Structure formats: C-alpha cells, structure tokens
Amino acid sequence: MKVLLVNKFLYPKGGAETYTFKLGKMLQDNGHTVQYFGLDNPKNIVFNNAGAYVTDMDFGKGIRKNITAPLRIIYSSEAKKKITKVLYDFEPDVVHMNNIQFHLTPSIILAVEKYRRRTGRKVKIVYTAHDYQLICPSHGLFDSEIKVCEKCLGGNYTHCLRTKCMKNSYSKSFLAMLDAYYWKLSKAYSYIDTIICPSHFLKRKLDLQSRFSHKTVAIHNFIEPQKTECTEKGDYVLEFGHLSRDKGTLTLLEVAKRMPDKRFLFAGYGAAEAEIAKVENAEYVGFKTGGELKELISKALCSVYPSEWYENCPFSVIESQMYGTPVVCSKMGGIPELIKEGETGLMFEAGNADDLEEKLRYILETPGIAESFTDNCKGVSFETPQTYYQQILKIYGE
C-alpha cells in the first residue's frame with residue numbers, strides 16, 4: 001500500500017509532527033511505501049519523490065508584511081497544484097492528512113477529490129484531528145484570554161470575531177471566521193472518509209455537528225512500549241513540553257513559589273521561559289529529546305501536566321507513565337482518559353493553584369505514596385504501534 005502523509009510542518013516541532021513521523025515509520029516497518037507532503041523548509045526530515053512542497057511563510061511577521069497572507073490562509077492554489085503533482089507521481093492508495101489549516105488549507109482535499117474523479121482511483125482520504133480546528137475558528141476552544149469557550153460549536157462563527165479569539169486580534173479573528181465559514185459551506189470536508197480523533201472527548205465534540213458524526217473514530221495516540229528500568233529518583237518535579245500560559249505553566253510556577261523547599265524543573269520551549277527564571281526554586285533546563293529527555297522524566301518524583309485548555313491526547317502524559325513517573329494533571333479534554341486516578345497519577349481543577357498544590361503535597365509528602373504510584377506505572381499500557389497498525393489497516397481499507 002502507498003500512503004501519502006500530509007502535514008504542514010515536515011520537521012520535529014510538536015505533537016502532530018511526532019505522530020506523523022511515528023506513523024510513517026510504523027507503516028514502513030510493515031512493508032508499506034510512504035511519502036510526505038507539506039511546507040518547503042530546510043529543516044525538513046521527510047520528503048516526496050516529486051520534490052513538490054508549498055512555499056513556507058512566516059505568519060509571525062504580520063499580515064502587512066505578507067500581502068498574500070489573507071488569501072493563502074483560507075485557500076491555497078499553490079498547495080492544490082503542488083499536491084496534485086505529488087498525487088500523479090506517487091499514485092497513493094491513501095492520503096492521510098494531519099495539520100493542514102492556514103498553511104496548506106483544506107483546498108488540498110479538493111485536489112485529492114479531483115484526482116479521484118479524473119483517475120477513477122479509489123483513494124482513501126483520512127484526517128487525524130490534532131485539535132479542534134474543524135469546529136473552532138481559533139482551533140483550541142478557548143478565547144483570547146485562554147479561557148474555555150464553546151460558543152462556536154453551533155456553527156455561528158461570529159463569536160470568534162466578537163471576542164478576538166485568534167491571538168486577541170480583530171484582523172486575525174476576522175480571517176479565522178471567514179476561513180471557518182468558507183470551509184463550512186464548501187464540500188471539502190464531505191470528501192474525507194474517516195476522521196481519527198485521538199481522544200473520546202474530541203470525538204464527542206465533533207459529533208455535535210452532524211456533518212462529522214458519521215465519520216469519526218476515537219483511537220488514542222500510540223507509543224512504543226518502554227522497558228521501565230529501576231531508576232534512582234531525583235529530587236525534582238518536572239514539567240516538559242510546551243511551556244506557556246495556556247499549558248498552565250504559570251499556575252505551576254505559582255505553586256512552586258508556595259513550595260520553596262521543593263525543586264521544579266522545566267524542559268521544552270515556550271513563552272513562559274522568562275517567567276521560570278523569576279522563581280528561585282524553578283530551573284529551565286532547555287529543550288530535551290531522546291535519551292536525555294527519557295532520563296529526565298524517569299528520575300522525576302512526578303511530572304505535572306497543568307494545561308488550561310481542552311487537551312487532546314498529549315504524549316507527555318503517556319510518556320511520563322511509560323517511564324515510571326506518576327503524573328499530576330488537570331481535568332481538561334482527553335487528559336483524564338490517559339491516567340488511572342489515584343494509582344498512576346492525580347487530577348486537579350485546571351488553573352486552581354490551591355488544588356494543584358494539595359495534590360503535589362499529597363504525592364511528595366505522604367509516606368509511601370510516590371513509591372506506590374511509581375510502581376503502578378510499571379503496569380500501564382497504551383496503544384502500541386502493533387495495536388494501532390491493526391486499527392489503521394481497517395480505516396485504510398486494506
């Protein structure tokens with residue numbers, strides 16, 4: 001089987017990229033041929049034989065410095081042309097899309113459908129929803145204040161503009177609203193055969209709109225089984241991944257100030273790096289990967305995932321338990337689906353520093369609890385490449 005994996009970024013950046021690369025490797029390990037389509041970037045680590053990629057654009061420069069940005073954000077003729085070139089060159093059996101909005105745009109779905117009609121080939125279109133873009137113009141189900149917002153779930157996207165949900169900007173929120181309405185009225189999403197939801201929470205949200213409800217299937221992200229070795233624990237609490245306000249880092253820093261006798265380490269990247277430096281018992285150790293990250297997680301007394309938005313299926317929560325480290329996490333989105341409350345971790349009310357402090361003190365200061373939770377983590381199991389592969393085959397239609 002030939003599978004074209006589509007994602008706007010083709011280099012390590014976030015959870016969607018991690019998923020895309022792991023999925024590609026899993027498919028190749030099982031004898032399938034895989035190529036990739038996305039933005040052109042010198043950091044790309046995966047490619048297609050046609051050498052066709054979409055011109056990258058840094059939206060961080062602002063719309064005024066990118067005159068064509070408003071058009072490209074909503075509809076990309078270049079992306080349609082480039083993916084069509086790849087389709088005729090590669091002739092895939094499946095086109096599996098991931099993060100495509102704002103850079104590649106759903107216009108590429110129209111290109112695949114046109115290719116299907118012209119060639120008569122029964123190419124499957126699969127879409128993995130890594131966020132809430134299909135039902136929320138700002139993709140996160142939160143407003144400009146990073147507070148949970150579900151006002152657009154009924155299909156009235158004007159709320160996005162009224163509350164400046166997209167980066168607290170009227171202009172960006174206006175474009176996000178236009179994008180949502182345009183693709184709601186378009187037939188593009190109707191051509192998707194299956195939408196994979198990495199959490200049951202996300203599936204329930206998508207199912208609120210009838211145009212998606214018959215297409216969704218929930219499967220948690222997969223991870224390679226890890227041999228949990230007897231690692232001598234360190235003396236620190238760890239948060240790793242994206243460090244920012246919406247991820248709850250500032251709430252954790254508030255708790256760190258209240259627990260000056262405890263050590264808090266932060267690994268990853270994000271806007272909260274500057275705030276970490278202001279807390280005496282907090283330390284930013286940089287962006288870690290591979291064995292270095294595994295060791296950092298394994299030696300932590302516990303990890304914290306304090307996100308304040310509807311998370312989907314964060315790898316950080318899964319990895320912590322796989323490496324023998326209990327997790328204290330917020331009750332948001334799909335997170336509760338990933339831990340055994342009172343056994344491999346504890347949950348707290350998102351944004352509630354008092355609740356988070358109470359849970360941390362329980363694990364760190366109650367005799368035997370940290371050790372018990374750590375032992376429980378040795379028996380956890382998640383979707384593996386093997387179990388995920390069997391489900392993917394059914395979706396692809398092998």
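Predicted model: local features only at pLDDT ≥ 70, side-chain atom pairs only at ≥ 80, totals over all residues.
Let's begin with helix 1 and helix 15. Helix 1 covers residues 15-29 and helix 15 covers residues 385-396, and the two pack with their axes 11 Å apart at an angle of about 85°. Angles from 65 to 115 degrees count as roughly perpendicular, so that is the word for how helix 1 and helix 15 sit relative to each other. On the helix 1 side, the contact uses Tyr19, Leu23, Met26 and Leu27, while helix 15 brings Pro385, Tyr388, Tyr389, Ile392 and Tyr396. Sort the residues in the contact of helix 1 with helix 15 by class and you get 9 nonpolar, with no polar and no charged residues.

Now turn to another pair, helix 9 and helix 13. Helix 9 spans residues 249-258, helix 13 spans residues 353-365, and their axes lie 9 Å apart at an angle of about 60°. That angle makes helix 9 and helix 13 oblique to each other, and helix 9 passes helix 13 in a right-handed crossing. Thr251, Leu252, Glu254, Val255 and Arg258 make the contact from helix 9, and Ala353, Asp354, Leu356, Glu357, Leu360 and Arg361 make it from helix 13. What classes of residue are in the contact of helix 9 with helix 13? There are 5 nonpolar, 1 polar and 5 charged residues.

Helix 11, residues 290-298, is worth a stop too. Its buried residues are Leu293, Leu296, Ile297 and Ser298. What do the buried residues of helix 11 pack against? Their partners are strand 7 (236-242), strand 8 (263-269), strand 9 (282-286) and helix 12 (315-322).

Is Glu311 buried or exposed? Its relative accessibility is 4%, so Glu311 counts as buried. Setting aside residues up to four places away in sequence, Glu311 touches Tyr132, Lys247, Tyr305, Met332, Gly333, Gly334 and Ile335.

Another buried residue is Tyr115, with 2% relative accessibility. Tyr115 belongs to helix 4, residues 107-119. Beyond the neighbours within four places in sequence, Tyr115 is in contact with Leu87, Tyr88, Glu91, Gly120, Arg121 and Val123. Follow the chain from Tyr115 to Tyr127 and you go 12 residues in sequence, while the C-alpha atoms of these two tyrosines are 17 Å apart in space.

Next come some loop residues. Asp40 is in the loop between strand 2 (33-37) and helix 2 (69-74), and its relative accessibility of 46% makes it partly exposed. Once you leave out its neighbours within four places in sequence, Asp40 has contacts with Tyr53, Val54 and Asp56. Ala50 is 10 residues from Asp40 in sequence, and the C-alpha to C-alpha distance between Asp40 and Ala50 is 13 Å.

His139 isn't a glycine, yet it has a positive phi of about 70°. You'll find His139 in the loop between strand 4 (124-128) and helix 5 (158-162), where it is partly exposed at a relative accessible area of 29%. Lys167, also a residue other than glycine, has a positive phi near 55°. Lys167 is in the loop between helix 5 and helix 6 (170-185), and with a relative accessible area of 61% it is exposed.

That leaves the cysteines. How many disulfides does the structure hold? The count is 0. Take Cys149, which is in no disulfide: the nearest cysteine sulfur belongs to Cys165 and is 4.8 Å away. Cys149 is buried, at a relative accessible area of 13%. Cys152 is in no disulfide either, and its nearest cysteine sulfur, that of Cys160, is 5.9 Å away. With 7% relative accessibility, Cys152 counts as buried as well.

Definitions and conventions: Residues numbered from 1 in each chain as written. Heavy atoms only, no water. Disulfide = S-S within 2.5 Å. Buried < 20%, exposed > 50% of the residue type's maximum accessible area, 1.4 Å probe, protein only. Axes fitted to C-alpha atoms, helices over the stretch in contact; angles between N-to-C directions. Helix = DSSP H or I, 4+ residues; strand = E, 2+ residues; numbered from the N terminus. Parallel < 35°, antiparallel > 145°, perpendicular 65-115°, else oblique. Left-handed = near helix turned anticlockwise from the far one by under 90°. Contact = heavy atoms within 4.5 Å. Nonpolar A, V, L, I, M, F, W, Y, C, P; charged D, E, K, R; others polar.
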